[in-house]
Amino acid sequence: MLLREDNRVCKLLGTKYPIIQGGMAWVANAELASAVSNGGGLGVIAAANTPPDILEQEIMKAKSMIEPGRPFGLNIMLMSPTAEAALEVAARQRVPVVTTGAGSPGKVLERLKPLGTIVIPVVASVTQARRVEKQGADAVVAEGMEAGGHIGELTTMVLTPQIAQAVKIPVVCAGGVADGRGVVAAFALGAEGVQVGTRFICCDECTVHMNYKKAVLDARDRSTAITGQSLGHPVRCLRNKLTAEFERLESERAPASEIEALGTGKLRAAVVDGDTDWGSLMSGQSAAMVSEILPAKTIIENMFADAERVLSRVGEVKA
Ligand code: TUI
């Protein structure tokens, strides 16, 4: 059995399955988070640039949609100017689980651990993983650069086992995990759970524009590009006119301000307006493995049922 009764991620979160939904900016709202939580995973609301009053409403909405006894989370994007306000909202609303990304979560741990909040930082290196463990993190998400959005530079395949060896807290594997094969791979690398983002963009309950979902469904192996590398904050999204323009400006060594300005408002354009040419279609490389829109609960159940089948067949010669 891959999924055992003593799984530390399930125990920590109080979920049926050891799966955390990625805190995707503009995408991860109350609808998505509640569907994932009700499906047996940990649904997560993204507090990227959301004003605190709107964020608080979103949390209250999720609470009303999630079945009693099921946990949910809030993702605080630490590079965001609203990160401190989001932290206060998390404290006031007694959000059960907080995940963090794109920075060092020291302040989050200091503020929330005394309240009993479970804090799970997303990290992209072994040094960061060791540091957050020392600071009191309950678990850590090791995110490889196959992931969508803001990424580090190491692949899931090499990052996960190194972090699993370096820390004692449970490790959750992210970046490229979209099906049962990915779950088995994650466990083989030493993880005890997975964080999944891209696969959930294509669930029934996700409210992104249908054009965005179709772009994910149409993606192939080389459909994503990394923009913003020259600025020091690489972001993976599906290739389109916007990523081509990023590539042109970056190859011409345009001023950083001009490159930064190109990205402004583009995630909203993709998610809300369905602009697949000039919107920022943040997505992981696993988009190529996403082929149908299903309810979140079915995605989760299929993922773990397939994982058990895959595990029982590991090592068999392909027919
Ligand atoms: O945070 C993410 N992915 C994201 S955040 C995001 S929002 C956005 N919106 C517009 C433009 C750009 C981004 C989209 N995707 N993933 C988690 C993650 N965290 N990956 C890497 C890291 C990370 C990086 C540095 C974690 C810690 C860290 O620490 C720095 C330090 O000082 O130790």
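View 1. The model is predicted: local features need pLDDT of at least 70 and side-chain atom pairs pLDDT 80 or more, while totals for chains, interfaces and linings use all residues. Numbering starts from 1 along each chain as its sequence is written, and side-chain values use heavy atoms, without hydrogens and water.

**View 2. The shell around the ligand.** The ligand is surrounded by 15 residues, of which the closest are A102, Q128, R131, E143 and H150; a residue belongs here if one of its heavy atoms lies within 4 Å. Seven of the shell residues are nonpolar, six polar and two charged (Ala, Val, Leu, Ile, Met, Phe, Trp, Tyr, Cys and Pro count as nonpolar; Asp, Glu, Lys and Arg as charged; the others, Gly among them, as polar). At least two shell residues come from each of α6 (126–134) and β7 (149–150); helices are DSSP runs of H or I with at least four residues and strands runs of E with at least two, numbered from the N terminus.

**View 3. The largest nonpolar core.** This core has 43 residues, and I19, V183, F200, Y212 and F304 have the most contacts inside it. A nonpolar core joins buried Ala, Val, Leu, Ile, Met, Phe, Trp, Tyr and Cys residues through side-chain atoms within 4.5 Å; buried means under 20% relative accessible area, exposed over 50%, partly exposed in between (1.4 Å probe, protein chains only). Elements supplying at least two residues each include α2 (30–38), α8 (180–188) and α14 (296–313). The largest share, six residues, comes from α14.

**View 4. Buried residues of α8.** G180, G182, V183, V184, A186 and F187 are buried in α8. Their cover includes α7 (156–166), β8 (171–174), β9 and α14. After α8 comes G190, with a positive phi near 110°.

**View 5. A25 in the loop between β1 (19–21) and α2.** The relative accessible area of A25 is 24%, so this residue is partly exposed. Beyond its neighbours within four places in sequence, A25 is in contact (heavy atoms within 4.5 Å) with A46, A48 and L267.
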